[in-house]
Amino acid sequence: MKEINAIEYRDGTLYLIDQRKLPITYEIFQCKTYKDVEFAIRDMVVRGAPAIGAAAAYGVVLAAKEFIDNSKGDFLKNMEEALGVLNKSRPTAVNLMWAIRRMRNLIEENKELSVNEICKKIETEADKILNEDIETNKKMGKHGNKIIPEKATILTHCNTGALATAGFGTALGVIREAFYTGKDIFVYADETRPRLQGGRLTAWELKQEGIPAKLIADNVAATLIRDSKIDVILVGADRIALNGDTANKIGTFMLSVVAKAYNVPFYVVAPTTTIDFDTETGEGIEIEERSGEEVTHIENIRIAPEGIEVYNPAFDVTPGENITGIITEKGIVRAPYKENILKLK
Ligand code: MRU
């Protein structure tokens, strides 16, 4: 497998593959302050729920470095402010809030130590979050591979690969595992309007790996499903409620409806860090609305008339009843979701 390190931290700098630029150019975006990280998450330099969580953890590391010379009282106060800023950088992907909560708890548990010692603990914890995510993805790959037939055509949406995580990927991780264990697989990747994560990022990762694939416009998927061209659909998740309702990239819900109508298995692949144990149903999930320019412009070129109003939600919620199973690092969870999701806690 090709090494794709979307997130790397070295000596006080966070290096991110700039996902706004791929696949046209491969550029590295450097974050030196926690506000750089907040910008990188908000502007989608880094994106995908697990990747956002890991990047935010390093944002906390950079904040700690910025405040290392403060008195303990000022350090704790400034860190709390930085945690709050990072926590708000995007609203839907719960891995962000999960990583911030983990860092906040760590600071709280170690607040009697010196500022220097707290900073060291913060850095170690961020490294742990990054490495755990890679391990988790590999486990999901193994569990998920069990439901992939020896010969299979897989449809996927958005980007769920190494770029969207600390490495390997969630849904794309299952695809990688199937490919590398010798299965005869073929992938259809939705381009995923408006930000084109499928066309830009999934297609780029598939090409890097030499996985047989075709890129399709989003509106092709229903026809492929109806015509029995798809054996299984794999998508990622940004937040999963207790009843299995899953927020993922806009368009996922539509796919799930067609999959259900034509009896095609529809799996969500996500680590347990994407489960929001505090939210009962999808109704409690905040859906990010993004700038209308994502729809009216492509690469800064206007493609819609000046003044047209736009509705641009970045995510939708797929009801648990449309989901065949949720592939996590702890195994595959099936309905009844609430009962079975709670067992993962
Ligand atoms: O807006 P994005 O690009 O951050 O949205 C990403 C997605 O919706 C992914 O499918 C999801 O985060 C799963 S990533 C492993």
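The structure is a predicted model, in which local features need pLDDT of at least 70, side-chain atom pairs count only at pLDDT 80 or more, and totals for chains, interfaces and linings use all residues. Residues are numbered from 1 along each chain as its sequence is written, and side-chain values use heavy atoms, with hydrogens and water left out.

Start with the ligand. Its shell is made of 19 residues, and the closest are Arg 47, Arg 90, Gln 197, Asp 238 and Lys 249; a residue counts as near if one of its heavy atoms lies within 4 Å of the molecule. Sorted by type, the shell holds seven nonpolar, eight polar and four charged residues. Here Ala, Val, Leu, Ile, Met, Phe, Trp, Tyr, Cys and Pro are the nonpolar ones, Asp, Glu, Lys and Arg are charged, and the others, Gly among them, are polar. Both α2 (49-66) and β9 (246-249) supply at least two shell residues each; helices (H or I, at least four residues) and strands (E, at least two) are DSSP runs numbered from the N terminus. Domain 1 (7-137) and domain 2 (138-342) both give residues to the shell, so the ligand lies between them, with domain bounds coming from an automatic or database domain assignment.

Some polar contacts (pairs of N or O atoms within 3.5 Å) can be picked out. Ala 49 uses its backbone instead, with an N or O atom 2.9 Å from a ligand oxygen. Taken alone, the ligand exposes 410 Å², and the protein buries 99% of that (Shrake-Rupley method, 1.4 Å probe). The ligand sits in the largest cavity, meaning that more than half of its atoms lie within 2 Å of the cavity's grid points. A cavity is a set of points on a 1 Å grid over the protein atoms alone where a 1.4 Å probe fits but cannot get out.

Now for the backbone. The peptide bond from Leu 22 to Pro 23 is cis, with omega near -5 degrees, and Pro 23 is in the loop between β2 (13-17) and β3 (28-31). Another cis bond joins Arg 193 and Pro 194, with omega about 5 degrees. Pro 194 belongs to the loop between β5 (184-190) and α7 (197-209). Leu 196 is also placed between β5 and α7, and has a positive phi of about 60 degrees although it is not a glycine.

Note on methods: A polar contact is a pair of N or O atoms within 3.5 Å; within protein, one must be able to donate a hydrogen and the other to accept it, and residues adjacent in sequence count only if both atoms are side-chain atoms. On a 1 Å grid over the protein atoms alone, a cavity is a set of points where a 1.4 Å probe fits but cannot get out, and a pocket is an open set with protein on both sides within 12 Å along at least five of seven lines; lining residues have an atom within 4 Å of a point.
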